[in-house]
Amino acid sequence: MDGFEVRPARPTDQAAIDALHEREWGGPYVVAHDTRHDVRTLPTLVAVDGSAAVAGTLTYRVDGDGLEVVTLVAAVPGTGAGTALLAAATSIAAEAGLARIWLITSNDNLRALRFYQRRGMRLVHVDRGAVDRARQLKPEIPLVGEDGIPLHDELVLERRTGAEG
């Protein structure tokens, strides 16, 4: 998978995983769909490179008919680690008989929208004001996001796995 081995996280990976979550979200807590998640409690995949260094991480949870990607972060964007992790999560969902893999990103994250759509995910819902509500659970979420875009809404993307009944 793009030169990376993707596997479940091991205890020895935790420091690298924590560092990536600190860099991206300011710690182990993320808020999505009005829920505060402690990503340390979720199943976690890592992409490791040839030197066994953690090149990316993905956390997920199973919810009804789908696998929700709660976090996805690459140590260095554009290297293929994110692609490898998303493909592995999609395989896990399909093998478990889940109908879809889905996730949420914020309205300012144009880089993520491009990434996910190029990998077959489709925009299926806009939750207007969800980020505004999330600030009640995580006040450090900024008012303005990437590219100077006001940060207000969650965008839900999904990909059907073909595993539905």
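**Figure 1. Buried residues of helix α1.** In α1, the buried residues are Ile17, Leu20 and His21, where buried denotes under 20% relative accessible area, exposed over 50% and partly exposed in between (1.4 Å probe, protein chains only). They share one side of α1, because the arc that they cover around the axis is only 95 degrees; this arc is taken from the directions from the helix axis to the C-beta atoms. An α-helix has 3.6 residues a turn, so residues three or four places apart point the same way. The cover over the buried residues of α1 includes β4 (44-48), β5 (54-63) and β6 (66-74), contact being heavy atoms within 4.5 Å. Helices (H or I, at least four residues) and strands (E, at least two) are DSSP runs, numbered from the N terminus. The model is predicted: local features need pLDDT of at least 70 and side-chain atom pairs count only at pLDDT 80 or more, whereas totals for chains, interfaces and linings use all residues. Residues are numbered from 1 along each chain as its sequence is written, and side-chain values use heavy atoms, with hydrogens and water left out.

**Figure 2. Span and end of helix α1.** The twelve residues of α1 (residues 14-25) reach 16 Å from the first C-alpha to the last, close to the 16 Å expected at 1.5 Å a residue; the expected span is 1.5 Å times one less than the number of residues. Just after α1, glycine 26 adopts a positive phi of about 75 degrees.

**Figure 3. The largest nonpolar core.** This core has 27 residues, and those with the most contacts inside it are Leu45, Leu58, Leu67, Val69 and Tyr116. A nonpolar core is a set of buried Ala, Val, Leu, Ile, Met, Phe, Trp, Tyr and Cys residues joined through side-chain atoms within 4.5 Å. Two or more residues each are given by β4, β5, β6, α2 (81-95), β7 (100-106), α3 (110-118) and β9. The largest share, seven residues, comes from α2. Apart from this core lies another, of six residues, among them Ile17, Leu20, Val48 and Val73.

**Figure 4. Surroundings of glutamate 158.** Glutamate 158 lies in strand β9 (residues 154-160) and is buried, with a relative accessible area of 15%. Its side chain makes a polar contact with the side chain of arginine 100 (2.9 Å). A polar contact is a pair of N or O atoms within 3.5 Å; within protein, one must be able to donate a hydrogen and the other to accept it, and residues adjacent in sequence count only if both atoms are side-chain atoms. Not counting residues up to four places away in sequence, the residues that glutamate 158 touches include Ile101, Trp102 and Met121.
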